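I opened this notebook page to record what I looked up in one structure. The entries follow the order in which I worked.

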Amino acid sequence: MTLRSRARVLVVACLLVTSLALMAGGGVAGAMAATNDGPHQVDRPKAVEKRYLYSATFTASVTQDLKIVYPGFNNEEEWHLSASIAGVHPALEVSTENSELVPRSTRSRVTVQSARATTSLRTDDGRVTSNCEGSTVEIGGRPTPVPGLLFGSNEFLAYGALAFPTTCTDNQGGPPGTGTYFLPKLDAELTPTSGEPGDALLTYAIDGAVGTAPLQYELLCPGYEEGPSNTCAYQIRGTLKLKLIKEIVAPTGASKGASVTPGATKAAVLVQCPAACRAEIEVMPLRGSPRVLARDTVSLVPGKRSSVQVPIPKKNRRPAVRSGGVRIRITYRIPLAGAFSEERRALL
C-alpha cells in the first residue's frame, strides 16, 4: 500500500470514529468521557433522605353486626355494636425514604365519643326473647401505627380492645341482668389521601374490616359461629391527620453511649428501659442511605443499663466506613404500653 493510500485509510478511520462519537455522546469530548469513565458517567446521585416529626389526631367509627341462625331450632341471635372514638398521638416520625409512620412517643391516647349496643336472642321458635342494651364502652390499649408488610405501607391500631357493658331483660318477667360484649383489636390500613412527607398537613384514610360469612374461623369475627345464613361484619372507618412539628436534622457529632470499632467491624451502644421491655437495635450508615447494616434484639431488666455489641457483617462495612461512622437506632417495645425510639451516633 502506498503512502497516499495509507493516509486515505487513516482519514476515513478518523471520520468514522468522530461520527460515532457525535452520535453516542453529543461530541468527541462526550465520547472520550464515556470511554474514560465507563458506566459511572450515567450514575445519578440518590435523593437525600429527610425525616419529619408530626403530631397526629384521628376520629373513627367502629361497628359490628352479627346474625346467627341456629339450624334445627329456629333460634336467632343478633348484635349491633357501634362506637365513635377519637385519639391523639403526640409524636410520629415520617421519612421521605419509605413514608413509614414511626412512633416516637408512648403517650398516645384514645377516648370514646359515643357508643351504642343492642343485642337480642330469640329461642324456642321466638317465644322466649332476651334483649340487651348499653350506651357506654370501655376502651383499652393505646393507638399506634405499625409498618405494613409492603414497603412504605402503614397499618393502624386505634385501640387494644372494646368492651360494651349492657343491661339485659327478657319477656319471661325475670329480673334484669347484665352482659358485656367484647371486641378485640382490629388492624386497619392507612391510605394516604393528601400531602407528602414534609408538608404542613398529611391525611390518611383509616380502613379495616373483617368481612361477612362464609368465614373459615370463628376468631375472625367476634361472636361468629359457623352455620347457614350466618353473617358477621366488624369494621373501622376514620381519618388520621398529621400536623408538622419540625424537620428532624441529624446532628453530625458523636453521641454518648455509642461507639464503633475501626473498620466498622462492630458497633456498641448503652441501653436502658424503665420497665421490662425488648430493645431492637439497628445499625445504619452515619450519612446517606438508611440501609440497615446490622441488627440485634435484647431483653432488658427494668432500670438496668446494659452495653450491647452488634457485629457488622464484612459485606456491610463499606457504607459505614465511607460515611465516617454509624447511626444506631434503638426501639424499646414495652408490653401494654407501646414503643418509643431513640438514635445515637458513633464516629470512626
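**Confidence**

I noted at the start that this is a predicted model. I looked up the pLDDT first: the average for the protein chain is 82, and 82% of the residues score at least 70. I then went through the elements of the chain. Helix α2, residues 28-37, has the lowest mean pLDDT, at 38. Strand β12, residues 201-209, has the highest, at 96. I marked residues 1-45 as a stretch where the pLDDT is below 50. Leaving out near neighbours in sequence, I found 13 contacts for this stretch in the model. Where pLDDT is low, predicted coordinates should not be read in detail. I took no details from that stretch.

**Overall make-up**

I counted 3 helices and 20 strands in the protein chain. The chain has 348 residues, and 35% of them count as buried. I also looked up the contacts with a separation of 6 or more: 64% of these join residues 24 or more positions apart.

**Largest pocket**

What volume does the largest pocket have? I read about 950 Å³. The lining of this pocket consists of 44 residues, and P103, P147, T331, R333 and A339 are the closest to the pocket centre. I sorted the lining by type and got 19 nonpolar, 9 polar and 16 charged residues.

Next I asked which strands contribute. At least two lining residues come from each of β2 (75-95), β3 (101-103), β7 (144-147), β16 (277-285), β17 (294-300), β19 (325-334) and β20 (338-347). The most come from β19, which gives 5 residues.

**Largest cavity**

The largest cavity holds about 50 Å³. I listed its lining as A56, F58, V88, H89, L92, P143, T144, P145, F156 and L240. By type, that lining comes to 8 nonpolar and 2 polar residues, with no charged ones. I noted that β1 (51-70), β2 and β7 each supply at least two of the lining residues. The most come from β2, with 3 residues. I also noted that β2 and β7 are among the strands that supply the lining of the largest pocket.

**N316**

I found N316 in the loop between β18 (306-311) and α3 (317-323). Is N316 buried or exposed? The relative accessible area is 9%, so N316 counts as buried, the cut-off being under 20%.

I then looked for partners of the N316 side chain. It makes a polar contact of 2.4 Å with the side chain of R291. A polar atom of the N316 side chain also lies 2.8 Å from the backbone oxygen of L293. With neighbours within four places in sequence set aside, I listed R291 and L293 as the residues in contact with N316.

**A264**

I checked phi next. Most residues other than glycine have a negative phi. A264 is not a glycine, yet I read a positive phi of about 55° there. I placed A264 in the loop between β14 (258-260) and β15 (266-271).

Definitions and conventions:
Residues numbered from 1 in each chain as written. Predicted model: local features only at pLDDT ≥ 70, side-chain atom pairs only at ≥ 80, totals over all residues. Heavy atoms only, no water. 1 Å grid on protein atoms, 1.4 Å probe; cavity = no way out; pocket = protein on both sides within 12 Å on 5 of 7 lines; lining within 4 Å. Points joined across faces, edges and corners; volume = space filled by probe spheres on them. Helix = DSSP H or I, 4+ residues; strand = E, 2+ residues; numbered from the N terminus. Nonpolar A, V, L, I, M, F, W, Y, C, P; charged D, E, K, R; others polar. pLDDT = per-residue confidence, 0-100. Contact = heavy atoms within 4.5 Å. Buried < 20%, exposed > 50% of the residue type's maximum accessible area, 1.4 Å probe, protein only. Polar contact = N/O pair within 3.5 Å; in protein donor to acceptor, adjacent residues only side chain to side chain.
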